[in-house]
Amino acid sequence: MEHSRRRRATSLEERAQHRAAVEAQIIRGLHAANKTHGFDETHDPKKPITHFFQETHEGLVLFVIFFTQACRWMRCVGCTLPSTSALRHIDFGDIMDQTHSIFTEPDVLARADEIQKVIVSNQGSVLDEETFPTSALIHFVAKCNKHLPNMRVLTLESRPEYVDDIELDILARALEEGKTLTTLEIAVGVEVFDNDIRNLVFGKGLRLKTLDELVERLAKHGFRLKCYFMFKPVADAHMSREQAIQDIHEAIRYLSDLTDRIPGSIISIHLNPTYAARGTPLETAFLERKYTPPHLIDVVRAVRFGEDRGVPIFIGMNDEDLAVEGGSFIRPGDEALLPILNKFNKTQDYTLFKHLPG
Ligand code: SF4
């Protein structure tokens, strides 16, 4: 895996060489996954990609997506998120300006007292110091402390290999300075539970053992883990409708057992139905009729298994405008389901599914 920590550059020339090597690493990953998308080199580096709000069972969530250098892993075949990032390095000063811009947004200021949770993404790994400098991350935490008096959870999206104990300690100390007690949650993309599909087909490069070890480390600090899963993220030949449902059932069972096994562990699931994203092999498969996006009712069938298993589930319903035409998981006729799923996200009330088929 190409994720080793950076040897400190001792000259500007060495730093330039290092940055060129990181760009080459990103391009290698793109080609290895047969992805054809480009990167966004025109975005204003002083502005984040976007921010939005989510209503969840944990209260109002502010979701912030920073504009940084793209994910260094890049190899996940169905993922086109890095197409909204830059190929070049984005300076820590620019990222600090993005933070400043978030905390001048009228909607953020107006709802600041209501925000209970903040999720930080950069379409990759926020804890990868190559793409998201630690100083910029600490600056963001300080601004959250200052502006969000009721923030109870700070969630950072990252691949597990970038989660190191020193950084966790520094973040924990910074969070202690806020006006309310804030816990840290690390959000990791697992995507598929089946080992072979996850690593050999999807290209995730993640072993369950790594996840187990991360849960143990987080539990020792009193921190939480959120696992992102994608619902049916590979072509029909690799995963049928029924197998997609079973895959999430297995994931729920495994994570529920893990919380029983590791004292102090707190785990939740964020389940994203997959869409055929532009510039990925899934777009090609969709156009060749070899990939059928998941049906929302199957998502319900998958989620129902979570009842009484101690693992809260949030269903993502945003295709981030990256789906090809007709390639989304929301179809005409799904209108009645959407408010039910939104309400479930807010309440975790399984009786909402009582009258649905399944
Ligand atoms: S799923 Fe995550 S790790 Fe994989 S390419 Fe996308 S951003 Fe990178």
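Which feature does UniProt place at residues 61-305? The record, an unreviewed entry, gives "domain: Elp3/MiaA/NifB-like radical SAM core" there; UniProt positions are in the numbering used here, feature names are shortened, and annotations may be inferred rather than shown by experiment.

Two notes before we go on, everyone. This is a predicted model, where local features need pLDDT of at least 70, side-chain atom pairs count only at pLDDT 80 or more, and totals for chains, interfaces and linings use all residues. Residues are numbered from 1 along each chain as its sequence is written.

Back to residues 61-305: the span is 40% helix and 17% strand, and its end C-alpha atoms lie 25 Å apart. Helices here are DSSP runs (H or I, at least four residues), strands likewise (E, at least two), numbered from the N terminus.

Now to the ligand. Around the ligand sit Cys71, Trp73, Met74, Cys76, Cys79, Leu81, Pro82, Gln123, Gly124, Arg159 and Gly189, each with its C-beta atom, placed from the backbone, within 6 Å. That shell has seven nonpolar, three polar and one charged residues; Ala, Val, Leu, Ile, Met, Phe, Trp, Tyr, Cys and Pro count as nonpolar, Asp, Glu, Lys and Arg as charged, and the others, Gly among them, as polar.

Let's finish with a helix pair. Helix 2 (residues 92-102) packs on helix 4 (residues 134-147) at about 15 degrees, with axes 9 Å apart; axes are lines fitted to C-alpha atoms, for helices over the stretch in contact, and angles run from 0 to 180 degrees between N-to-C directions. The two helices are therefore roughly parallel to each other, the word for angles under 35 degrees.

Key
Angles under 35 degrees count as roughly parallel, over 145 as roughly antiparallel, 65 to 115 as roughly perpendicular and the rest as oblique.
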